[in-house]
Amino acid sequence: MAFPSVSASPSPAPSYPRNISPLRRRSGLLVLLLVVLFLSFQLVIHVPSLRSAVSLWLFSDHHSQRKGSRSCPGCPNGMDNADKTVAYTDQDGRIKLFKVTTREFLSSSIWKNPLLPKDTQQVPETQEIAEEQLQVTGSEVSNVSTTGTLETGRIDPIKLKREAFRRKRKEHRIQELLQMDKEAELHMRSVATNRSRNFSNKVRASYNIWRLEFHHTNTDSTLRLMKDQIIMAKVYATIAHSQKQPDLYALLMKCIKQSQEAIGDAHMDYELDTSALERAKAMGHALSSARDVLYNSGEVSRRLRVMLQSTELNIDGVKKQNSFLVQHAAKTVPMPLHCLHMQLTTDYYFRDGMIKEYFRNDALKEEEDKAKREDRSLYHYAIFSDNVLAASVVVRSAVSHAKEPEKHVFHIVTDKLNFAAMMMWFISHPPLPATVHVENIDNFKWLNSSYCSVLRQLESARLKEYYFKAHDPSSLSDGNENLKYRNPKYLSMLNHLRFYMPEIHPKLDKILFLDDDVVVQKDLTPLWDIDLKGMVNGAVETCKESFHRFDTYLNFSHPKISENFDPRACGWAFGMNMFDLKEWKKQNITGIYHYWQDLNEDRKLWKLGTLPPGLITFYNLTYPLNRTWHVLGLGYDPAVDLAEIENAAVVHYNGNYKPWLDLAISKYKPYWSKYVDLDNSHIQHCYMSEQ
């Protein structure tokens, strides 16, 4: 709060005529003083803006004489630094006293506000700051002593310095730009051009404001209005028909038909027929007439409930049909893939001169590779598949990213039906310098129903009835929850071979299991160096919050499950698993698998599949791998993060939308298709003829 400047100069003593007595002089002075006080009091009361102004009472003469005067450096000649006691009233009417010196009355100083703390009070500005303010703002600094400007209206010196610094920095940057040479300017332009070229607008394109559907604020308001009109028109039409009003019923049905024709397959207003607005107006008039004649709140609400129930039933039926068709498409072998198998099988059994040359070379290589298949110092992979194209992609992608491909050995097991095609492919397309060994599952003499309980169950008539009888709970008429279990892969022993690793590879210590629907994107050899800390299975965990935990896969209402397992235990994924076969044998993993498989013969512990028994068999024996090793969901989830896919060592198309099917999610398919050998004559013949 600033105060009006009061001059500290001594006022000349008033002169009085000599003929006036001292008493009269004192009386006149007293009257004059009372008048001044009265006017000052009236001024403060009647002018609200002045109530908080400073009322100065100077008791300087005798006070200065008692205290003594001091010299005032920098003050005008003849002016002492006398202390003055100042009284003022604040905005609440309280009287405040404080002392000032003559220096504080000078026009170049600013009074301190006694109400503010000392650390927040503005110090008197120097002439340099005033000059700087003049340069920055371009206006004169107000003279406090002559204008009575309050301190709160002045600019903080810190702000002035900051503004001056910004101005200098701006001028410096302008000078840099002006002095930039031509080469630097061209470089800056080229960088900006490249950035704009590399900018991906695939996602942002859907939000482009220049697209037609964004020309209007509510792009589907008219469409939604017409659909709502059709629903109400159907309600009134049924009421009109029940109340035998044929004219109104015919009018409503006519409007419904016209509105449906105007809507067609539109999803936005701009896709509607040009007559849509007229149809909507006509429907509005018809509904108004129907409401005047037929409206009954109870009847209308009942009709709407009936329509809602009917719609829900239709939705359930469509969902079941969709699930059935997806499952049917997923388990069906595409025609081009079937064609490829037939072509390769024909080449295997009916060998011409070139094919025989392939076999002679393969026979020579077979002797060389025999030692590699049992060499524990090499990197061994296990693949169980009846799909030639899928297996070839797995092998090719792994070899292409291996730093030392000659040290990688792939053990492929297939069934009797596809053995010839699988053999023929890798004989004619060996992934050199890696090694591939193809085996027939029927050659495993130890794999029989007396040893393998799951094989005995798969061959039982009861399980076949579960799969193929239409009246079974897995049929379409009962629901879509169990439809996925009617996939033939659950009847294939190839799907259960993962539990017999030591029997298939008795001389190996470690082996990496890969599903045939994965793609390798990085070198996998570091997996062999991971210490599993005594665990048998190294896998990536899949639990997120409440999803993919044990209670998702197992029946915890069964006492055998609830007593032995934690429902909140984290699930993990098959598809890329590092198995320690030494620990496997020590822990008797295959025996544990047989024990639980025998208990589940009636399918009360879990449904079909290999993941639930895998979770049980490797319970507390699984070492969690880093998630970047194995990214899942490309076969069912269209929302998998593309950055995670790019950074993954292995991507997995688990689900129904396999990459070799037409159902495949299009944005994920290139990760798989780039490893397909499109130069192969059989692939060109089978897939090009399909197109």
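Helices (H or I, at least four residues) and strands (E, at least two) are DSSP runs, numbered from the N terminus. The structure on display is a predicted model, in which local features need pLDDT of at least 70 and side-chain atom pairs count only at pLDDT 80 or more, while totals for chains, interfaces and linings use all residues. Residues are numbered from 1 along each chain as its sequence is written, and side-chain values use heavy atoms, with hydrogens and water left out.

**Stop 1: two packed helices**

Two packed helices are described by the angle between their axes and the distance between the axes. Please select helix H7 (residues 221-242) together with helix H10 (residues 297-331). They pack at an angle of about 115°, and their axes are 10 Å apart. Here axes are lines fitted to C-alpha atoms, for helices over the stretch in contact, and angles run from 0 to 180 degrees between N-to-C directions.

Next, display the side chains in contact, meaning heavy atoms within 4.5 Å. On H7 these include Ile231, Val235, Tyr236 and Ile239; on H10 they are Glu299, Val300, Arg303, Leu304 and Met307. The residues of this contact comprise eight nonpolar, two polar and three charged. In this division Ala, Val, Leu, Ile, Met, Phe, Trp, Tyr, Cys and Pro count as nonpolar, Asp, Glu, Lys and Arg as charged, and the others, Gly among them, as polar.

**Stop 2: salt bridges**

A salt bridge is a side-chain nitrogen of Lys or Arg within 4 Å of a carboxyl oxygen of Asp or Glu. How many salt bridges does this rule give? The count comes to 13.

Select Arg456 and Asp598, whose closest N and O atoms are 3.4 Å apart in a salt bridge. Arg456 belongs to helix H15 (residues 453-458) and Asp598 to helix H21 (residues 589-599), so the pair ties together parts that are 142 residues apart in sequence.

Move on to Arg498 and Asp515, another salt bridge, with the closest N and O atoms 3.5 Å apart. Are these two residues buried or exposed? Both Arg498 and Asp515 are buried, where buried means under 20% relative accessible area, exposed over 50%, and partly exposed in between (1.4 Å probe, protein chains only).

Finally, select Asp551 and Arg568, whose side chains meet in a salt bridge (3.8 Å, N to O). Asp551 lies in helix H18 (residues 550-553), and Arg568 in the loop between helix H19 (559-564) and strand S9 (576-580). Asp551 is partly exposed at 36% relative accessible area, and Arg568 is partly exposed at 41%.
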